[in-house]
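Here are my notes on this one, kept brief.

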Amino acid sequence: MISFELSEEQEIARSAASGLARSTLAPAARAADEAAQIPSSTLNEAWALGIVQAVADPAFRTMEQPTVLNALVLEELAAGDATVATAIAASVGFAKAVAEQGSDRQREEFLPPFVSDVPRLAAVAELDGPLPDDTAARASVTRTADGFRLRGGATMVLLAKPSTHLLTLVKCDGRDEALIVPLDTDGVRVSKIDGTLGLRGLDWASVAFNGVTVPASMRLGGTAGANVQRIRDASRIALCAMLSGLSRAVFDFALPYTKTRIVHGEAIARKQAIAFKLADMHVAIDAMRWMGLKAAAELDRSPEAPRSARLAQLYASDAAMRIADEGVQVFGGHGFVRDLPLEMWYRNARSLSVLDGLVGA
């Protein structure tokens, strides 16, 4: 028999995240978007949930269904504010990769700060292009006698400015590698990006690696290396969960309005055009949630879940944009007004839909 019931631990974590989203994250989301900065008090409260600390704790490796639990929490946080949820997910991505696949020395060095009560933000990036001032060349990673040499750039990196280390996903000699790069290394340049479309409260940056030498000791997993596909799968599951939460916020905001907005003598919720939109939105939200949780459960059982994670992310990215668009249309002209959160949710949905490999669950 298949059971869709949450365990007691999962329900407690989900309920705590939901309460925080309603009481703190949602009311502060617009101000954080306008200021392009997450208030430290808001981040502290989200950090106090303990999702990152749990991942960094040695007991994490014996936890039952940790990816499912993280996905549940991230969905609830994103229903309140996708920006805060993404900040937490980025730190989860770094800490989980080290906890699951790091060498003993790497766990001892990098995980203790994440167990602290003080937020420790981290960044994950993909070396995906040339240096900004060297567009004729491609990104390159070469082996050296004692490690790797990186030349190229990582664009649109979340939280690079406040982070001390960057988990950098690269390809070398036909193999995917994950390298832990201190951001104060010679040759690393972090440039802040202002004026992003959505998730404006995050510290977006581009990172340039100009002949950066990374010692072999900073290769995730040491001599054995790491399963980079697992890191990507976890990221895609996290993105699906957050898109689910954001879409739910749109639906939950639109539904009451359609019941009270009277046009030609009846509520617009009773008109087929609107009723069908709401039904489609509800079905899509359930579909993306269950696709994400299915992928999370698979990743908890297996080293990889590439097909399930990718399908969940792709479906959620498309569905969330449709739902955000429908939410704006349900409100008509009011949907474009900044007094309502719909245009912010639309921008955040677009921003989440283009991320890949930058967060974790």
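Predicted model: local features only at pLDDT ≥ 70, side-chain atom pairs only at ≥ 80, totals over all residues.

**Notes on pockets, core and one arginine**

1. On volume, the largest pocket holds about 420 Å³ of space. Its lining is made up of 16 residues, and S3, E5, Q65, V68 and A297 sit closest to the centre.

2. Which helices each supply at least two residues of that lining? They are α1 (8-35), α4 (66-80) and α8 (272-301). The largest share belongs to α8, which puts in five residues.

3. Next comes the second largest pocket, with a volume of about 270 Å³. Here 20 residues form the lining, and M156, V354, L355, D356 and L358 are the ones nearest the centre. By class, the lining of this second largest pocket divides into nine nonpolar, five polar and six charged residues.

4. If you want to find the second largest pocket by secondary structure, look at β1 (123-126), β3 (147-158), α7 (228-260) and α10 (342-353), each of which supplies at least two lining residues. The top contributor to this lining is β3, with four residues.

5. The largest nonpolar core counts 122 residues, and L74, I88, L150, L167 and F209 have the most contacts inside it. Helix α7 provides the largest share of this core, 16 residues. As background, nonpolar side chains in soluble globular proteins tend to be buried together.

6. I88 is worth a click, being one of the residues with the most contacts inside that core. What does I88 touch once its neighbours within four places in sequence are left aside? The list is L43, A46, W47, I51, V52, L74 and L77. L74 is also among the residues with the most contacts inside the core.

7. Last, have a look at R236, which is placed in helix α7. Is R236 buried or exposed? It counts as buried because its relative accessible area is 10%, and the cut-off for buried is under 20%.

8. As for the surroundings of R236, its contacts beyond four places in sequence are Q229, A309, R310, Q313 and D356. D356 ties this back to point 4, as it is one of the residues nearest the centre of the second largest pocket. Helix α7, where R236 is found, also supplies at least two residues of the lining of that pocket.

Note on methods
Residues numbered from 1 in each chain as written. Heavy atoms only, no water. 1 Å grid on protein atoms, 1.4 Å probe; cavity = no way out; pocket = protein on both sides within 12 Å on 5 of 7 lines; lining within 4 Å. Points joined across faces, edges and corners; volume = space filled by probe spheres on them. Nonpolar A, V, L, I, M, F, W, Y, C, P; charged D, E, K, R; others polar. Core = buried A, V, L, I, M, F, W, Y, C linked by side-chain atoms within 4.5 Å. Buried < 20%, exposed > 50% of the residue type's maximum accessible area, 1.4 Å probe, protein only. Contact = heavy atoms within 4.5 Å.
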